[in-house]
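Welcome! Take a look at the sequence and the fold, then read on.

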Amino acid sequence: MTPEVQARIFEPFFTTKPPGAGTGLGLAMCYGIVRQADGLMLVESEPGRGARFSVLLPREGSGVEEEIPPAAPPVVPGRETVLLVEDDPTVRVVTGRILRELGYTVLEAASGAEARSVAATAAGRIDLLLTDVVMPGGSGRELAEALTQTRPGLPVVFMSGYTADVILRMGIVHDKVTLLSKPFTAEALADTLRIALDRTGQHG
């Protein structure tokens, strides 16, 4: 890789592959996991010579006394129904599994068009829309606008590697919209959904 490419490889959605051939999330998610463990992820590469990635993690039981952090508050189990819309199958499967483990009923769709179809045929109520921002065949913003027209008050959580400022420049402005930055942890997902649901009074 050139130095210019190396400088951006951990950015969400950055990819050198042609459109439709990569999401640019693999290295970003790996980097996020390593950083959550207080580690470092380094890369050495030259054009035509390949690349070597190094992961440095703190040693367990090093003998250094550390202050024990306070216990995290328990995660409130979900009872609601979430419509999950994500075109990346890996991200969709993992996110769906986490949501089900948290107690949510999950309806899945791989595109905006499929999500509209799922919403139209859903037997029960949908309590929250969890959607990616950038998808082929229609953006998450367009999907949110369509669903909130027929389901007023529906809370929306956008998943994105973009910053909040970029999201606003995309025209996503809604008093019931929440942004969940990729890559995210299971705890961040649980907290974000709980806050969005409780704020709008959506309870299963």
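A network of salt bridges links Glu80, Arg194 and Asp198; a salt bridge here is a side-chain nitrogen of Lys or Arg within 4 Å of a carboxyl oxygen of Asp or Glu. This is a predicted model, in which local features need pLDDT of at least 70 and side-chain atom pairs count only at pLDDT 80 or more, while totals for chains, interfaces and linings use all residues. Residues are numbered from 1 along each chain as its sequence is written, and side-chain values use heavy atoms, with hydrogens and water left out.

**The overall picture**

- The protein chain has seven helices and seven strands; these are DSSP runs (H or I with at least four residues for helices, E with at least two for strands), numbered from the N terminus.
- Along the sequence, they follow the pattern α-α-β-β-β-α-β-α-β-α-β-α-β-α.
- The protein chain has 204 residues, of which 37% count as buried; buried means under 20% relative accessible area, exposed means over 50%, and partly exposed lies in between (1.4 Å probe, protein chains only).
- If you take contacts between residues at least 6 apart in sequence, 56% of them join residues at least 24 apart, where contact means heavy atoms within 4.5 Å.

**Salt bridges**

- Side chains of opposite charge can pair when their charged atoms come close.
- How many salt bridges does a search of the whole structure find? The search finds ten.
- Asp198 pairs with Arg194, with 3.2 Å between the closest N and O atoms.
- Both residues belong to helix α7 (residues 186–199), and because Asp198 and Arg194 are four residues apart there, about one helical turn separates them.
- Is Arg194 buried or exposed? Arg194 counts as buried because its relative accessibility is 9%, whereas Asp198, at 39%, counts as partly exposed.
- Glu145 forms a salt bridge with Arg141, and their closest N and O atoms are 3.1 Å apart.
- This pair sits in helix α5 (residues 140–150), again with four residues, or about one turn of the helix, between Glu145 and Arg141.
- Glu145 is partly exposed at 40% relative accessibility, and Arg141 is partly exposed too, with a relative accessible area of 25%.
- Glu46 and Arg49 also meet through their side chains, at 3.6 Å from N to O.
- Arg49 is exposed at 68% relative accessibility, while Glu46 is partly exposed at 45%.

- Why is strand β6 (residues 156–160) described as largely enclosed by the rest of the structure? Five of its five residues are buried, so the strand counts as largely enclosed.
- In a regular strand the side chains alternate between the two faces of the sheet.
- In β6, one side carries Val156, Phe158 and Ser160 and the other carries Val157 and Met159, and all of these are buried.
- Strand β5 (residues 128–132) runs parallel to β6 and is joined to it by four bridges; two strands pair if DSSP finds at least two bridges between them.
- Within this pairing, Leu129 stands opposite Val156.
- Going from β5 to β6, the chain passes through α5 in a right-handed β-α-β crossover (with the strands pointing away from the viewer, the path from the first strand over the helix to the second runs clockwise).

**Helix α4**

- In helix α4 (residues 112–121), the buried residues are Gly112, Ala115, Val118 and Ala119.
- They lie on the same side of α4, because they cover an arc of only 120 degrees around the axis, judged by the directions from the helix axis to the C-beta atoms.
- These buried residues pack against β3 (81–85), β4 (105–109) and α5.
- Exposed Ala120 and Thr121 are on the face of α4 turned away from its buried side.

**Two buried strand residues**

- Leu180 lies in strand β7 (residues 177–181) and is buried, with a relative accessible area of 4%.
- Beyond its neighbours within four places in sequence, Leu180 contacts several residues, including Phe158, Met159 and Leu189.
- Ser45 is part of strand β1 (residues 40–45) and is buried, with a relative accessible area of 14%.
- A polar atom of the Ser45 side chain lies 2.8 Å from the backbone oxygen of Gly50.
- Leaving aside neighbours within four places in sequence, Ser45 is in contact with Met1, Gln6, Gly50 and Ala51.

Terms used: Polar contact = N/O pair within 3.5 Å; in protein donor to acceptor, adjacent residues only side chain to side chain.
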